[in-house]
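Here's a quick briefing on the structure below. Have a look at it first, then go through the notes by topic.

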Amino acid sequence: MNVLNFAHAFFSDSAHWHGYDGIPTRFAEHVTYSLEALLIAAVIGLPVGLLTGHYGRGGNALALIATAGRALPSFGLLVLMFIWIGFGLLPVMIPLVVLAVPPILVTTYEAVRSVDPSPVDAARGMGMTEARVLFQVEVPVALPLIFSGLRTAAIQIVSTATIAAYVSLGGLGRYIIDGLYQKNYEKVVGGATLVAGLALVTLALFWAASRLTVSPGVRRSG
Amino acid sequence: MIRIDAVTKRYPDGTVAVDRLSLDIPDRAITVLVGPSGCGKTTTLRMINRMVEPSEGSILLDGQDIRRQPVNTLRRSMGYVIQNAGLFQHRTILDNIATVPRLLGRSKQQARARAAELMERVGLDSALARRYPYQLSGGQQQRVGVARALAADPPVLLMDEPFSAVDPIVRKGLQDELLRIQDELGKTIVFVTHDIDEAIKLGTKVAVLRTGGRLAQFAPPAELLSAPADSFVEDFLGADRGIRRLSFFPSAGLELQTAPVVPADADAALLASRAEAPYLLVTDPDGRPLGWSEPDRLTAGAVDRDRLLDFGRPFVPGSDSLRTALDGAVLSPTGWAVAVDGEGRAVGVVSQQVIGEAIRAAHSRVAEHADAKAGR
């Protein structure tokens, strides 16, 4: 049996489409974990990235945090948090957020910092407040890069959120971990396919969001 | 009036950008700050809208220290144009121009109506309104920059090397446009450039700054050219300041000769009566110049246009300067300049010699005027 046969067997089994271990439930759980982690990471990463980028300071500290964040193994962190904190969503959220903050933070900082200085100078010279300079001049131009940071973070969260199942939570990781344990490879392949599919959907959503919010003037010249 | 009063700008590393500079910038005129790089001209300009804060001294706007009003209120009352236009690439041309009216709380509709008005004023096609900056040429972008600075109708306009990034032909167009707009609007303009020709062309008064931010001379351009304060100013003005100075003398007083001007269908009698002149200027039936010819090479009633000598570049007495007239005479193979009216019809000719006399007369008038002013 090859992978396609496994996948076909998994998705055509009607038992997999309902109940607490059904695809809709697991999918919803996975999306919920991912969105929560992305939201927390964005709440931390975006403001810090915007401010440091706007004032052009703290770049070295950011690079350090980013390297440290990327070097931490998510799985190891999960086990550590589980031992410290016990069951629950928190030990899962911490490694996901740690994983997602560096790309958001560093890309946002770079995006704002690399905005052409002359419109920024013009904006100040015509009497815009610093907040207006940031949100009306720098952010609209930096938006494509900021989106790319968020997108990278989102994809990493979606694929890593499978580890939630390791500490007895739900999500699509459930199929992979249970499948491996039960030597049920239909389940493993099905779960992995769903995770990959969700990652692609995430990509498509970011592409659409970028099309809708980035000005044509920035899109074509950038 | 903007009064710059003993202003010094010293940076933390000890560099002095501007050194005890005092300038009285007249209202409703163009004041140009010019000098080599490192002379503090841009720093001086940026101190007027507080983009840079002076270390010592003060700047007064209509008698009041500019630090007495909130910085953004001050800046919104002064148009600001910078070298690369600094347009907002995410906004359409119309919305770029509407920026300051929007900051001042006008509705989007009002601000856009005002922006459309300004596009026309600076010579931008209304079809460009919905475009984005990347779709415009450098010259058009700079026009948008000027329109954006004028949008809130500020009494003061600060321009920091606005035309130095465009090619010479476009630059000339932008300079002419600025002078035209200034004629209509009468703003108080402070204009920074490193190009002395631009300074002389645009400035009502020109402040020449030397490296280290000290004032070398502050005078109207004609005075700068006729009486440079020292060798630094003289060097900065360049080698041909004598010729350039002629731009400030009108050609209106030149005595034109009409006798050497003959129509192409002149009869033998007319040609015979003009045979004294070394050269005759032949015109077409409308009176437009065709070219020069020696009198004995002309045959009555049938001019061979191919055998005429080129007449160079004509000047318009009254609107052109002695410099243009002299240029016409130097370019003409006969040494005579052709004067035409606004329609291009020949109104007379003038020799290099006569132009030379006019130049001498103009110089002595200036000298007398200067003597009278000095009370001698």
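Chain A has ten helices and zero strands, where helices (H or I, at least four residues) and strands (E, at least two) are DSSP runs, numbered from the N terminus. This is a predicted model, with local features needing pLDDT of at least 70 and side-chain atom pairs counting only at pLDDT 80 or more, while totals for chains, interfaces and linings use all residues. Residues are numbered from 1 along each chain as its sequence is written, and chains are lettered from A and ligands numbered from 1 in the order in which they are written.

**Chain A**
- Read from the N terminus, the elements go α-α-α-α-α-α-α-α-α-α.
- Along the principal axes, its C-alpha atoms fill a box of roughly 65 × 40 × 25 Å.
- Of the 222 residues in chain A, 41% are buried (20 or more other C-beta atoms within 10 Å of the residue's own, with C-beta atoms placed from the backbone).

**The sheet in chain B**
- Six strands form an open sheet with mixed pairing, in the order E6-E7-E8-E3-E9-E10; two strands pair if DSSP finds at least two bridges between them.
- Strand E6 (78–81) and strand E10 (214–219) of chain B are the edge strands, each pairing on one side only.
- Strand E9 (residues 205–210) of chain B runs antiparallel to E10(B), with five bridges in the pairing.
- Across that pair, B:Arg210 sits opposite B:Arg214 in E10(B).

Terms used:
A residue is buried if 20 or more other C-beta atoms lie within 10 Å of its own, exposed if 12 or fewer, and partly exposed in between; C-beta atoms are placed from the backbone.
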